Structures are given as C-alpha cells and as structure tokens.
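Dear colleague,

Please find below the structure that I am handing over to you. My notes on it follow directly after.

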Amino acid sequence: MASVLRVLFAALMTCSLGAAALAQDPASDTGQPAVQAQPVIQQILVDGNQRVEADTVISYLLIQPGRPLDPQTVNLSIQTLFATGLFSDVQIEDRGNIAVVRVQENPIINRVVLEGNRAMDDDKITDEIQAQPRAIFTRARVQSDVQRIIEVYRRSGRFAATVTPKIIELPQNRVDLIFEISEGPVTGVSRINFIGNDSFSDRRLRRELVTRESRWWRFYSSNDNYDPDRLEYDRELLRQYYQNRGYANFRVLSSVAELTPDQESFYITITIDEGEVYNFGEITVDSQIEELTNEFLEAILPINTGDIYRADAIENSIDTLTFAAGASGYAFINIRPIIERNRDTQTVDVEFVLDEGPRVYIERIDIVNNTRTLDRVIRRELDVVEGDAFNRVLIDRSRNNVRRLGFFEEVEVTETPGSSADRARLLVDVTEQPTGELAFGAGFSSTDAFLVDLSISERNLRGRGQFLRFRISASSRRETIDIRFTEPRFLDRNLAAGFDLFRVNSDFLSEASFQTESTGGSVRMGFPVTANTNMQLRYTIRNDNVLVFSSASAALQSQSGNRTTSVVGYSFSWSQLNDPIEPSDGFRFTVSQDFAGLGGDVNYVRTEIQSAFYYGLWRDIVASFTADTGFILGWGGDSIRINDRFFKGGNSFRGFDVGGLGPRTVSRDEDTGELILGDSLGGRLYAIGALEVTFPLGLPEQYGISGSVFTEFGTLGLLDTVDQIDEGTSPVFTVDDLALRASAGVSIFWDSPFGPVRFDFAEAFMAEEYDRTEFFRFSTRTGF
C-alpha cells in the first residue's frame, strides 16, 4: 500500500510542475512551440592534425561557415572523417560562432615484421595482407590481416596456427607492426570415411578425391593436408563420378571434418545418398531452326534410349549438336537440355531445345600472368581466335586444352563486354608451376636385379612448350643413354614432332650367349586423327653390333657382326578407356608396323597388334582381356637377325622365365635321352592372350594392397629355315614349334612407400620340355 501511495504522489508532483511550467511559458499563451535559435558558424578551426592539411580535413565536413551547427550535421561530419581511415579519434566542439574540429591521426606503418614463419615464406604472407610500409595503421585493418594470415596457414594445412599482432611506437607518429606467428603442426587427414555407399567401396571412392589420407611417405605432396576448399571440390568430383554411372539422384548429404584433440589431423566423414540407377528414357530434339531438322539431329546424338544415364553424355551431346549446327553455318545457337526424371520407371527423359541466339563475336583475347610461357604456346591450344563467333563450348574446351599442357596450376577464362553490344573480350588468366624435373630412381627385380635411373627433363623448354629429356639408366642386363626432344606443335599445327638419340648395351648371357651394342637415332611425328585415335610416324636408323661368344652354337655364330638398320614405321592407337591409369571400362587398340630396307643392311616387315578390354564386375572388381600378337618377315633374301626377333616370358608371359619359351638350341643326353637346354633364339611370330580379374584383398586401404587371378596362353616360334639345325646333323640342334603354352596364377600388388611392388605366383601347366618356367617373380621401382 505504501508503494502505491508513493507512485500516486510522484504522478501528482509531475503534473503540478508541468502546469507551472506551462503557465510561465509565453508561447503557451499563443499556442506556438518554443524554438531555440542555433548559433551560426563564422569560422572552423582544426586542431591536432600533423600530416593531413587543415583544408583537407575541412573538405570532408558537412558543416560550413554561415550555417547553423545542428547535432545531425555534426554527427555525419564525424562519421565521414572516421570513414577516411586517417583518424583514430574525431571531436567537434561548439564555441559559439566557432567550431573546433579536434582530430587524432592514425599512425603510419614504418615496417611490417613477420616472426615465427619458418614453414612459409614472407612473400606468401605479405601478398595476402593489407598492412604495408608507409600505409596508415588502423586496428580494424590489423585484425583483418590476422585473419588473412590464419587463412593462408589453413590453406596450407596448419589449422593450429595463431597470430599475435604487436605494435612498437616510434617518433613522428609512426609504428612498427609485428605479427608473431605460431605455425603449429601440419594438420593432415587421418581417415576419410563414407556413409551410405552401397555400390562402391570406400577405397574406390577415395581414389576419386583429390584429398588423400596422410601417410609418412607422402611428404612430397600437400593433398593429404586438410583444406576445406579442396573438400568442396571433392564433393563435386563424387557427384560427377556417380552421375556418370547412372545415379541421377545422387547427393552428398554432408561432409564433416573433425579435428583431433591434439590439433594434428582431421577425420573426414562424407555422408552420401546414392539413389537408384537410372537409364536414359526418351531422347528428343526440338529445333527452332528450319534447316536443322529434329530427325537429323536425333540421329547424330551419341546417346540412345535404354543406355545407362551419364551426365557427361549430355555434355557430349551438346558438343555434337553445336558442331553440327556450326558445320551448317549456325555459330550462334543456344542449346538447352531439359531433363525430366521419372522415379516410377527410373528413366531420365532429355529434350534438347535449339534456337538461334544473339550474334556475338570475340573482339580480343588477352593472356595474363604467363611470366615464362610464351603467348603463342597458350594461344595455339585455344579453339577460338579473335573474330570468331562466341561459343561457350569451344571456350570451355580451350580452357581444358591449356590445363592439359601441365604447365599451369590454375587456368581461368573469363569474358568481359567489348566495345559494342555484339563484341566480347576473353581474359585467359594462368598461374604457372615448375616444369623441370631432376629424378633419380633405384629398384630391384628378379629380372634385372638392380636398376639405377637418372634423368633430367624439362616439359616447357624456354617457355616454348617443348619437351627435353636426358636419361642414363643401368641394370645388370642393360645400360642405356638417350636424349629425347619433342616439339608438340610443329609448324604451329596440331602435329607433334621430335627426335631421339640413344646408345643401348644389352647382355643376354642368361638367355643366350650373346651381347648387343646399339647406337642410333630416330625422328617421329604424331597427330590426332579423331578425339580418341592417334597416329604416329617414325624413322629410325641404328647400328647393331652382335657379339657372340666362341662357345656358342652355330645357330648363334651366324648372327655375329655389325649391321645398319634403316626403319620407317607407324603406330595407330584407339582408346575408349574411362581411366587411362586404372581403367574399369572400355578398350584400347594399337597396331604398329615397321619397314626396314630403305637403305641399311637389314630387310624386314614387322607388324604388332595390341588390344585390351576392361569391364567392371562389381565395385572394385575388374575383369580384363588382353591380346597381343606380332609377326616379322624378312624380304630380299634376308633372314631375321636374333636382335630383331621377339623374346617373351617374365612380365610378358607369367609362368615362364625371360626368353623362356619358343625356339631354342638343345642337345640330347646320350645316356638318358633328355634334352639339355641351350640358348634361347627368339621367334618371328607370337600370339599371347590373358584373362585377369583384379580385386581388393579386404585389407585397410592405407596398406595399398590388392590382388588378381589370371591365366595366360599363347605361343612363340617360327624361325627362318636357314637358322634351324636338324637333330642328327649336329650334337646341338634347334627345336621350334608353335605349341600352345598356358599358365595360371595370382598376383599381389603393393603400393609401398618405396614405389609399386608386384609379386607374381604362376604355374605353367602347358609347356614344352625345352621351355624354362618359373613360379615366382617380383619387381619394384621407386624414385627419390
């Protein structure tokens, strides 16, 4: 009750005071509000400025002499001065007819010092921050730079990095700005896990990602450092992988990166929704151009109803339609694919709508940031030139062509308006990367024993896009020195040309009693025939010296001596593989022929055909069939010398030793009648096929171990008559038939820290008495 009385009393007192004030206000009698007159400014003074001129300060003000000084104008003037970044404090004082503007200037940065950055160069940091010597110091800008430095370290995989800014005040309102950096450890990726992947294993999906799991032997790579931007790119790669295999509704639901308590690594978990496998349904074309009929365009589409849905097939169809329209004289067309998914039938209907778009031409193409690579090396990879019609497909293809060179980390092509509405400019922005390489390799195998390899190569010689390599290698069987040079765009055409100089010494003592010394050179040129086929032409001249030991048989003694071989040849290849390194679908086919006899001492025609077919059975299980064959025929009365014949075995026919099958010199034991094996002679004809199924072994992927089961079958033989020695005419005679050989076994592949290792266990269950078989073989190779 007392509190209520106090409130009523306060209200009555307020009303009484208000009434009294109203009675004393003269204006209240007339009903007009009271207006207090604002002072008019006669003069503006500036105080506290050291570097900035007073007139400059006054020019930013909204208050002016001859005008009243109202609070709103004062507030806006203070905000304007702060926005210049020149001042740390601003006050405006009213002294009647004089306005005094008091300012405190921000210091000037004398120098910027980085401390503690051992893993990253100063330039990489200073290029990212705003603070620079002789720039104005503001605390907001310093805090922004701190975040920029932390972001730079995060991009390099150091998420535990901290930055502490410090200021040292100097005379004349100057400061030294110091960033103390604690870099912390490199934050790697301990594990990448997938949730929701029923059709493909974790291991198979990890191969599609750029991000890799951290392993101690990956010290040369930064892809095993966690980078959120890279992870976003990995999400897109996963989407492309699934959508190119029929999963039209595939989604990445989430990608979560969890930092371990020690802040040294991340666990990445990617949750996906695969959806169902879709097929292409109805494929139609709606052309708004009379000369391009729907029937014609539908007939040339590379996709058909019933095919497995692939997102890249739609892009290829757009390319095909664009090319067809361009060939018919319509460079300015818009192609819009209308995609409709039918969940009930699990089909995707696609309608391509074509209409003639606005006519826009490329006015100019500018290339920037190519400090080393010449402009013409980049321009010749572009499918468009100045004056061409603007074509988005060709521009995107040009960007991929430039990236395929391997000279640049990043390639961006952007378009800007030209001098008129029907003109456009292209800006090609590249970021160069190192292209030279000094490599030293060492290895060991059951075939070559030790192996040492030293090479120096440059893929972009003098910025001209040329390739140059000098290589020296040595093993227990072979010593090689070679120089290789390639001009990828000979005469500025899509024609690769180059030459090779070589010297090779080979030791065949384990297979036969002879050695060879070959010295020579070759010139070659290659060009694409279509998007998936290539042709290579070559000419080789070499001198071969065959050294045969005196104890060798008559079949080898006739091969001794020097010969000069002049060879012209070609190779034609056709590839439709989905992955050039680890294919799981498609095929490749290569045919090559060499003609010797255009000069020189040797005459022959050699033909070889190689083919391979791959088919994914399930997840990472891939079946393959390879078939290789070759035949060499002498002409002009010449027989085939031993160094030109085919030798098979080892890696080329598992279950048999190197040179372990085919024609051979033998002798017969007088007591037992058994054959005593002599020298391998090689053959003029071979045909070898292999069926193989590769699969993971179920071990953790970080071990890098997989396996395969295989069977190989084929034959080798057909010596020239003059090189055969019949039994009975000499204690040592030749055996030569085209009997079928076959083997079966398993292989273990290990992606070890020292390089790929392969173990082959094979049993030759069909072999001749004079063949040399082997059950186990291994090989490895590494670079450091």
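A nonpolar surface patch of about 400 Å² is formed by Leu454, Ile456, Phe470, Ile472 and Ile481. Patches are made of residues with over 30% relative accessible area and no salt bridge, where like charges are joined within 9 Å and nonpolar side chains (Val, Leu, Ile, Met, Phe, Trp, Tyr) within 5 Å. Accessible areas come from the Shrake-Rupley method with a 1.4 Å probe, and for residues only the protein chains shown count as cover. Helices (H or I, at least four residues) and strands (E, at least two) are DSSP runs, numbered from the N terminus. Isoleucine 481 is placed in strand β19 (residues 478-487). Isoleucine 481 counts as partly exposed because its relative accessibility is 42%; the classes are buried under 20% relative accessible area, exposed over 50%, and partly exposed in between (1.4 Å probe, protein chains only).

Please note that this is a predicted model, in which local features need pLDDT of at least 70 and side-chain atom pairs count only at pLDDT 80 or more, while totals for chains, interfaces and linings use all residues. Residues are numbered from 1 along each chain as its sequence is written, and side-chain values use heavy atoms, with hydrogens and water left out.

Nonpolar core

The largest nonpolar core has 26 residues, of which Phe280, Tyr309, Phe352 and Leu354 touch the most other members. Such a core is a set of buried Ala, Val, Leu, Ile, Met, Phe, Trp, Tyr and Cys residues joined through side-chain atoms within 4.5 Å. Two or more residues of this core come from each of β10 (279-287), α10 (311-327), β11 (333-342) and β12 (347-356). The most is given by α10, with seven residues.

Sheets

Axes here are lines fitted to C-alpha atoms, for helices over the stretch in contact, and angles run from 0 to 180 degrees between N-to-C directions. The pairing of β1 with strand β3 (residues 98-105) is parallel and spans five bridges. Valine 46 has valine 101 in β3 as its bridge partner.

Another open sheet of three strands has the order β7-β9-β8, also with mixed pairing. Its edge strands, β7 (188-195) and β8 (251-259), each pair on one side only. From one strand to the next, the twist averages 15°. β7 pairs with strand β9 (residues 265-273) in the parallel sense over seven bridges. Threonine 271 in β9 is the bridge partner of isoleucine 195.

Salt bridges

The structure holds 38 salt bridges, each defined as a side-chain nitrogen of Lys or Arg within 4 Å of a carboxyl oxygen of Asp or Glu. One of them joins the side chains of arginine 102 and glutamate 93 (3.2 Å, N to O). Arginine 102 is partly exposed at a relative accessible area of 28%, and glutamate 93 is partly exposed at 31%.

Arginine 425 forms a salt bridge with glutamate 363, with the closest N and O atoms 3.4 Å apart. This pair links distant parts of the chain, 62 residues apart: arginine 425 belongs to strand β15 (residues 423-432) and glutamate 363 to strand β13.

Arginine 380 and glutamate 487 also meet through their side chains in a salt bridge (3.7 Å, N to O). Here arginine 380, in the loop between α11 and α12 (392-404), is linked to glutamate 487 in strand β19, 107 residues apart. Arginine 380 is buried, with a relative accessible area of 14%, and glutamate 487 is buried, with 12%. Salt bridges that share partners join Arg191, Asp202, Arg206 and Glu213 into one network.

Backbone

Arginine 134 has a positive phi, near 70°, although the residue is other than glycine. Arginine 134 lies in the loop between α5 (122-126) and α6 (139-155) and is exposed, with a relative accessible area of 72%. Asparagine 369, also not a glycine, has a positive phi of about 70°. The loop between β13 (361-368) and α11 (375-379) holds asparagine 369, which is partly exposed at a relative accessible area of 49%.

With kind regards

Notes
Two strands pair if DSSP finds at least two bridges between them.
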